[in-house]
Amino acid sequence: MPADLQVAAASVPPDGLDVLGVPVVADDDGPRLMPGLPAHLGELELPVTVDRTLAQRHGFNGTAGQSLVLRPAAGLEVVLIGVGPAPVGEAERWRRAGAALVRAAGAGGEGAVVVPADLAPACGDELSLDAVAAALTEGAMLAAYRFDGYRSSPRPGSLERLVVLRGEAPPGTSLERGVSRGDAVARAVALARDLANTPASDLTPRALAERAVQQLDGLPRTSVEVWDEHRIATERLGGLLGVSRGSTEPPRLVWARYHPATGGPGEPPAAGGEGEGGPAHVVLVGKGITFDSGGLSLKTADGMTTMKTDMTGAAVVLAVLAACHALEVPVRVTAIAPMTENMPGGAAVKPGDVLTMRNGMTVEVLNTDAEGRLVLADALALAAELRPDAVVDVATLTGAARIALGTSIAPVYGRPQEMADRLQGAAARAGEQLWPMPLPEEYESHFDSDVADMKNIGKAGEAGSIVAALILARFTAGLPWAHLDIAGTGRSTESAGYRSKGATGFGVRTLLELLLDELPLPPPGPLPVPPSADH
Ligand code: BES
Ligand code: MN
Ligand code: ZN
């Protein structure tokens, strides 16, 4: 159930228009209509100026995300939508404006938003028309997102339809292209939100794997494969198996693969084929704990209330795969999502137990609530076996990430550092915020084990997000790697702008932006110390 709102591009306003969004820039001396807007759209007169006295009374100054509703004629609402000071160089301001329009517009009906045919006077040459259309679409659709499938009577929705109108000239293909790109991105985010909002008993590892197949199977140049508990055992995924032991639900591991069109008429290369000189290959790994009770190191009642969302990383990487084809991602992408519950059943892994991971390294489990790193260890080892150009993992990994950076900014880790920088840049363009964190060698000793290669926790109360990242790094075989800890950003306690209460889908837009960026990826670093064979 993606957002109900349909967005399209059009050259004339639809009949029976209910709401018209008009962009307003914030000048030093007050709000002003965006330069370059047409004076009228067919029959429809646009406001010529912004009434500054009225605007001031309502505290509207044209900041991105602000809106002011006017009623110039019966039946039609004009919503002034702020995009901030000119030049409007960032897509993010148009996302906020799209969201503000939808939130001001109320339930039902048809909306339109007008953009200047010539953007240069308002936006400089930073933004193309299709980028503006994409951002407006994305913001509007994400603000319209609802998760109402579990209510006996649905709450009032949003606008049903929104058209993006380019002043004067008929819409060029770029406007339509922008709308369809924004639509594809917003649908991917909505899919991740839907999966993460679904109650854990309805989204067991088996159910999540089935949903992945439903969403991905049949998409062009996309394939999906599911490993069941037997395959997981024969593949020696000791971390995933260990975590799953406390549950009556069997684990799953989903592989999803996408490859870009080759350009030629022939067959595309087989998935998994290692080709020199072909498109770059990026592996995405997502934590898929469908419910995290903490296991025998049981969480508190409060600590468990949001743990149906502990599979957000898996939801994010699968949603990204689902959008690769529509967005014409130019690189090869593989998503690996290990899925299990973390429960305290009679067969559960016990504190002090030692698990042997896919790559042969052993981990002493001293806290069963530090389970994400155990399942990711196996998935990262599998990723590394493919020798891709880069690996990126996404996980609701540590409460410490939320304590450090809150719910708007996620820590990003990278080796080499350039990988973290690349992710941070992609996030900034996509309207998500990442902040680089260190991987200091001196903290490696925090997770020395008395009996195994490492233990699964560091020192209580010290650098919890960093230590978790250092543990993950041991399984990446020195390949270019980045890690996003979305424990803070994956959920929101309020609906505001284009964020929705509950699961946010944070990470989808950053990863899509990364995959669409055609810069070469950094070369692999030196191989890490091999695991000790004797213990
Ligand atoms: N899934 C949690 C992390 C989490 C906490 C996500 C809060 C979202 C909100 C993770 O599995 C966990 O329990 N981590 C522990 C690690 C600790 C035992 C070393 C934590 O952060 O407390
Ligand atoms: Mn946990
Ligand atoms: Zn967890």
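Which residues coordinate the manganese ion (ligand 2)?

## The manganese site

In this predicted model, the manganese ion (ligand 2) is held by Asp-292 (OD), Asp-369 through both O and OD, and Glu-371 (OE), at 2.1 to 2.2 Å. The angles among the six donor atoms run from 70 to 169 degrees, and the site is classed as irregular.

Along the chain, the donors of the manganese ion (ligand 2) have the spacing D-x76-D-x1-E. Asp-292 belongs to strand β13, while Glu-371 sits in the loop between β16 (362-365) and α11 (372-385), so this pair ties together parts that are 79 residues apart in sequence. Asp-292 and Glu-371 are buried.

## The zinc site

The donors to the zinc ion (ligand 3) are Lys-287 (NZ), Asp-292 (OD), Asp-310 (OD) and Glu-371 (OE), at 2.0 to 2.4 Å. Here the site is octahedral, with angles of 78 to 173 degrees among six donor atoms.

The donor residues of the zinc ion (ligand 3) are spaced K-x4-D-x17-D-x60-E in sequence. Among them, Lys-287 lies in the loop between β12 (281-286) and β13 (288-292), and Asp-310 lies in the loop between α9 (301-304) and α10 (312-324); this pair links distant parts of the chain, 23 residues apart. Lys-287 and Asp-310 are both buried.

## The link between the metals

How far apart do the manganese ion (ligand 2) and the zinc ion (ligand 3) lie? The two ions are 3.1 Å apart, and Asp-292 bridges them.

How values were computed. Residues numbered from 1 in each chain as written. Chains lettered and ligands numbered in written order. Predicted model: local features only at pLDDT ≥ 70, side-chain atom pairs only at ≥ 80, totals over all residues. Heavy atoms only, no water. Donors = N, O, S within 2.8 Å, 3.2 Å for Na, K, Ca; no water. Tetrahedral: all angles 85-135°; square planar, octahedral: opposite > 155°, others 65-115°. Helix = DSSP H or I, 4+ residues; strand = E, 2+ residues; numbered from the N terminus. Buried < 20%, exposed > 50% of the residue type's maximum accessible area, 1.4 Å probe, protein only.
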